[in-house]
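Student: I would like to learn how to read a structure like this, feature by feature. Where do we begin?

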Amino acid sequence: MHASLALLAAVAVGSSSVLAATPATAMTAPQPAQTIGAQVAGDSSLLGTAAAASSAYANMPTTWPDPDEAKGPISIAALLNSPLVQAGMALVNATVPQSLLTQPVYGSVTSFGNGTVIYSGDGSATGNCKYNVPIGSAVDNCLRTANTANFQADVTGCPGANTWGFTVDDGPTAAVATDPTNLAPDTSDLLTQLTATNNTKATFFLIGAQSFYHPTAVQAVYAAGHEVAVHTWTHSALSTLTNEQIVAEILFTEALLVRITGVRPTMMRPPYGDVDDRGRAIIAALGYRLIMWSAAYNSQDAEGLPVNESGLATNWTQPAPGFIALDHNTNSFSTNVTIEILKDVEKLIVAGNEPITIKPVGQCLGISPYRALGNTASASSAAAAATATGSNKPGATSVGTATTAKSSADAQSFHGVAASVLAVGAVAAAALVL
């Protein structure tokens, strides 16, 4: 399915120059070569009112990473050395201790996409505090429950009692009737159900590659009043990436969301929950709050196994300390699970048996989901920018629930996207860049 999309993109790009990727050194399994090309003229029509914001965003890319997630994390030198990434690295180098940045890349994977990470470093709380340790490991999944000098505590719950932070990962999606790998329900169906369920608002942790394919779906999420947040470009495990790759995965996604919606997010969730202290420090240096989830409130829908949606809805609407639940918009299966949970919650609301208040995460935490568009343009401005994003740095009040938990990480299902280009029309097809 990705080969078909590459062919369509090649037609859209025409004679644009193409660069081949150097395989990421942090990956143990070779990936198909990534390619990129020049931005196609005409994609500005996708921007709408975001055009002015796009112009105000420093180092807005004119070339984008390969949106085929199956090719692995961003690894092309031209992208890693781009002004956007290098400005981000200048900020990271100015604010993160070299003792963290010079650590080896302790994570590795044997195959891309399944979230299974082999971690060779000290993942304990006295070491690098690694989350998403493989099941059966002698080291518990580790969460940072207190602020440190380099980052704030991991956010795993809402601070108010009986408050459900509603989060949706891995979107957006857009179904195409002629594509059996890209079926309904999709993001638009999920938005319809959220509105039907007492006009519930959610935080959508969006993948850059999927947002590239489905920009109108991203616009619809934002226009409906939901919060948009970053979930990296390729859904790669952060502990397997170099510093530059982590920065690239975050900032290219951020830039694309600015280009599509006109807003710059403040919240980020690592794919699979995979993060250690190096990743935490880089995320904080880029001005993001790291949002995890409450271990007991994982729908497990990403596993592709049967889910008791009614049981989850009943359990998640019982009086309890504030929590953040993990749901998905990865594909038709996981999206349907999320929709069915909402339908059952809707029934409980109608019956008067729903004492929980559902909110997007930014609202439940009392923080803005968005921030100023300006970003660092050079190493000389890194310190000033670090001060400007101080609300996301250590010293602010921690709202993370003090929880240490074991849970299986959300698995990644690759999306059928070849025919889905047609769903956003000829303009989106013309905007494809590889």
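Student: Which way do the side chains of strand β6 point?

Tutor: In a regular strand the side chains alternate between the two faces of the sheet. This is a predicted model, and in its strand β6, residues 203-206, Thr203 and Phe205 point one way while Phe204 and Leu206 point the other way. All of these residues are buried.

Student: What does threonine 203 touch?

Tutor: Threonine 203 sits in strand β6 and counts as buried because its relative accessibility is 0%. Leaving out residues up to four places away in sequence, threonine 203 touches Phe166, Thr167, Val168, Glu227, Ala229, Met267, Pro360, Val361 and Gly362.

Student: In which sense do β5 and β6 pair, parallel or antiparallel?

Tutor: Strand β5, residues 163-169, pairs with β6 in the parallel sense, over three bridges. Valine 168 has phenylalanine 204 of β6 as its bridge partner. Between these strands the chain passes through helix α6, residues 187-196, and this β-α-β crossover from β5 to β6 is right-handed.

Student: How many bridges join β6 and β7?

Tutor: Four bridges, again in the parallel sense, join β6 to strand β7, residues 227-230. Phenylalanine 205 has its bridge partner in β7, namely alanine 229.

Student: Which residues of α6 are buried?

Tutor: An α-helix has 3.6 residues a turn, so residues three or four places apart point the same way. In α6 the buried residues are Thr187, Leu190, Leu191, Gln193 and Leu194. They lie on the same side of α6, because the arc they cover around the axis is only 165°.

Student: What covers the buried residues of α6?

Tutor: The cover includes strands β5 and β6, together with α8 (215-223) and α12 (332-350). After α6 comes asparagine 198, which has a positive phi near 60°.

Student: Where are cis peptide bonds found, going by omega?

Tutor: One joins glycine 171 and proline 172, with omega about 5°. The peptide bond from alanine 184 to proline 185 is also cis, and there omega is near 5°. Proline 172 lies in the loop between β5 and α6, and proline 185 is in the loop between β5 and α6 as well.

Student: How many disulfides does the structure hold?

Tutor: A disulfide is a covalent bond between the sulfur atoms of two cysteines. This structure holds two disulfides. Counting bonded cysteines along the chain, the pattern is 1-2, 3-4.

Student: Which cysteine is joined to cysteine 129, and what is the handedness of that disulfide?

Tutor: Cysteine 129 is joined to cysteine 142, with an S to S distance of 2.1 Å. The torsion about their S-S bond is about -95°, so this disulfide is left-handed. Cysteine 129 and cysteine 142 both lie in the loop between β4 (118-119) and β5, so the pair ties together parts 13 residues apart in sequence. Cysteine 129 counts as buried at 0% relative accessibility, and cysteine 142 counts as buried at 6%.

Student: What parts of the chain does the pair of cysteine 158 and cysteine 364 link?

Tutor: The sulfur atoms of cysteine 158 and cysteine 364 are 2.1 Å apart and form a disulfide. This link is left-handed, with -85° about the S-S bond. The pair links distant parts of the chain, 206 residues apart: cysteine 158 is in the loop between β4 and β5, and cysteine 364 is in helix α13, residues 361-365.

Student: How many helices and strands does the protein have?

Tutor: The protein has 15 helices and 13 strands. Of its 434 residues, 60% are buried. Among contacts with a separation of 6 or more, 81% come from residues 24 or more positions apart. The protein exposes about 15,000 Å², of which carbon and sulfur atoms supply 58%.

Notes. Residues are numbered from 1 along each chain as its sequence is written. This is a predicted model: local features need pLDDT of at least 70, side-chain atom pairs count only at pLDDT 80 or more; totals for chains, interfaces and linings use all residues. Side-chain values use heavy atoms; hydrogens and water are left out. Buried means under 20% relative accessible area, exposed over 50%, partly exposed in between (1.4 Å probe, protein chains only). Helices (H or I, at least four residues) and strands (E, at least two) are DSSP runs, numbered from the N terminus. Two strands pair if DSSP finds at least two bridges between them. A crossover is right-handed if, with the strands pointing away from the viewer, the path from the first strand over the helix to the second runs clockwise. The arc is that of the directions from the helix axis to the C-beta atoms. Contact means heavy atoms within 4.5 Å. A disulfide is a pair of cysteine sulfur atoms within 2.5 Å. Accessible areas come from the Shrake-Rupley method with a 1.4 Å probe; for residues, only the protein chains shown count as cover.
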